[in-house]
Amino acid sequence: MTTTLAPPVPIGKAAVGALGMLAVATGALESVVTPTLPLLQRELDMSPAEGALLSIVLLITGALVTPVAGKFGDRYGGKRVLIRLMAVVCAGGLVSALAPNLPVLLVGQILQGAMVGALPLSFILVRRHLPAGESKVAIGVVSGLFVGGGMAGTLSAGPVAEGLSRHWMFALPTIAVIGATVLVNRLMPHDPPGRPGDAGVDWPGLVLLSGTLVTLMLVLALAPDMGSRPLVLGALIVVLAAFVTGWTAVERRAASPMVDLRLLARPEVWKSCVLTFVICVGTSVPVYLVPQLFAVPADEYGFGASATEIGFFLLPGAVAASLAGPIGGLGARRYGSRAVVTAGIVIMAAALISLAAVHTEVRHLVVGKALIALANGLCVTALVTSTATSVDQSDTGIATSLVLVTRVIGFAVGVQVSGALLTAGTPSGSDVPAESAFVTGFVIAGVVTALSLLVARTMSKGVKE
């Protein structure tokens with residue numbers, strides 16, 4: 001016997017605006033640790049290894065929570081799961097704000113990592129309550145505002161931590177998340193469950209997926225320091241391979257897998273994941289290298305910029321990233337996803353190669369970073385929109401969460417590779433990497449990004465409205 005579900009209630013601009021506000025607030029809360037990591041290391045007396053753990057723990061939790069949130073949102077309703085998830089995020093933000101030491105701060109960051117699952121849940125709500133054409137634009141707006149919120153958090157975290165305290169650095173965006181969550185709860189109508197007859201949760205698959213992602217993040221985080229301990233790195237790689245093998249076997253046999261490998265095998269999904277990974281690797285290289293290059297002493301080959309100056313120099317990139325989401329959504333609607341992704345890849349590859357060739361003035365880095373931020377937003381938005389609208393509505397959350405998990409992994413890989421390049425390029429007895437290390441990083445990122453055109457050209461053009 002089948003159950004007839006009531007049609008979803010249409011939503012207006014206020015509800016979409018509430019989701020946008022939530023995206024801004026969560027993006028800001030997600031990004032406050034990275035620019036203030038040296039300050040946190042000093043105040044909490046952390047070692048470099050502990051600092052590295054703090055910088056990746058949110059990513060690890062987010063990568064674990066995202067597919068779970070998407071699956072639960074598809075099954076039980078996006079709003080119901082989103083509100084409960086944001087309650088966990090708010091608790092994590094408050095724990096981080098009140099943390100007196102590193103262990104408590106780590107607990108807060110683990111809880112905050114649940115925020116990464118908010119995006120696929122937002123996409124579920126938008127897809128279920130809006131027509132296809134309008135949903136593309138709304139998804140682009142929400143994606144762009146999340147990116148813009150992240151850049152706003154990056155820019156404001158340092159001044160807030162130095163002017164007030166590290167506690168307010170977490171407290172202010174947490175207050176914004178609480179307010180936005182209340183608005184979403186009031187303005188967004190409930191959506192019906194997508195799969196009322198599904199089997200139970202695939203807990204073995206979830207455990208193995210957790211082990212896979214945690215081990216992968218550890219390999220990425222520890223690889224640059226493993227040159228003197230190759231056996232440890234080799235052991236981690238063996239463990240990673242075992243987790244991947246076990247997870248794949250379990251998911252193929254599960255009645256209701258946490259990640260449907262048949263869905264991942266669909267060309268529109270795996271191509272989006274591959275492109276997202278490569279594009280985010282290309283994006284994360286300048287995200288890491290450009291601020292480092294700004295900070296290189298002026299008597300070397302850099303600019304000796306302070307933290308405040310670096311934030312100002314990155315502002316055009318923040319603006320470009322905020323605009324990229326809506327532009328990408330509109331472009332995908334009018335010209336198709338493939339055209340938008342191709343244009344973004346070309347812009348990003350050209351900007352990366354240009355930075356490798358010319359980076360002797362501040363304006364070179366400012367313009368290059370802004371173009372890369374714009375291109376990344378265009379690509380990711382078009383890929384998420386293409387994926388969200390190419391699968392059944394009941395699969396929207398899990399399909400987009402696969403793309404978003406790939407985004408997290410791609411970013412982590414790019415940052416770790418960039419850090420390894422600077423470490424290897426730093427002469428003995430010096431604190432300043434050789435200029436060639438930056439050039440190598442930009443060139444590698446540019447070439448890898450350009451090669452992704454081989455995959456982009458095989459994408460379907462996408463639906464034009």
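How many aromatic pairs does the structure hold? I counted three aromatic pairs, taking rings of Phe, Tyr and Trp (its six-membered ring) as paired if their centres lie within 6.5 Å, with planes under 30 degrees apart stacked, over 60 edge-to-face and the rest tilted.

I worked on a predicted model, in which local features need pLDDT of at least 70 and side-chain atom pairs count only at pLDDT 80 or more, while totals for chains, interfaces and linings use all residues. Residues are numbered from 1 along each chain as its sequence is written, and side-chain values use heavy atoms, with hydrogens and water left out.

**Aromatic rings.** I looked up Phe294 and Phe303: the ring centres are 6.0 Å apart and the planes stand at 55°, so the pair is tilted. Phe294, Phe303 and Phe313 form one aromatic cluster. I then took Tyr301 and Phe438, whose centres are 6.1 Å apart with planes at 70°, so this pair is edge-to-face. The pair links distant parts of the chain, 137 residues apart: Tyr301 is in the loop between α12 (267-295) and α13 (307-335), and Phe438 is in helix α17 (residues 435-451). I noted helices as DSSP runs (H or I, at least four residues), numbered from the N terminus. Both Tyr301 and Phe438 are buried (under 20% relative accessible area, 1.4 Å probe, protein chains only).

**Gln112.** I found Gln112 in helix α5 (residues 102-112), buried at 0% relative accessibility. Its side chain makes a polar contact with the side chain of Ser96 (2.7 Å); the term covers a pair of N or O atoms within 3.5 Å, and within protein one must be able to donate a hydrogen and the other to accept it, residues adjacent in sequence counting only if both atoms are side-chain atoms.

Notes. Helices (H or I, at least four residues) and strands (E, at least two) are DSSP runs, numbered from the N terminus. Buried means under 20% relative accessible area, exposed over 50%, partly exposed in between (1.4 Å probe, protein chains only).
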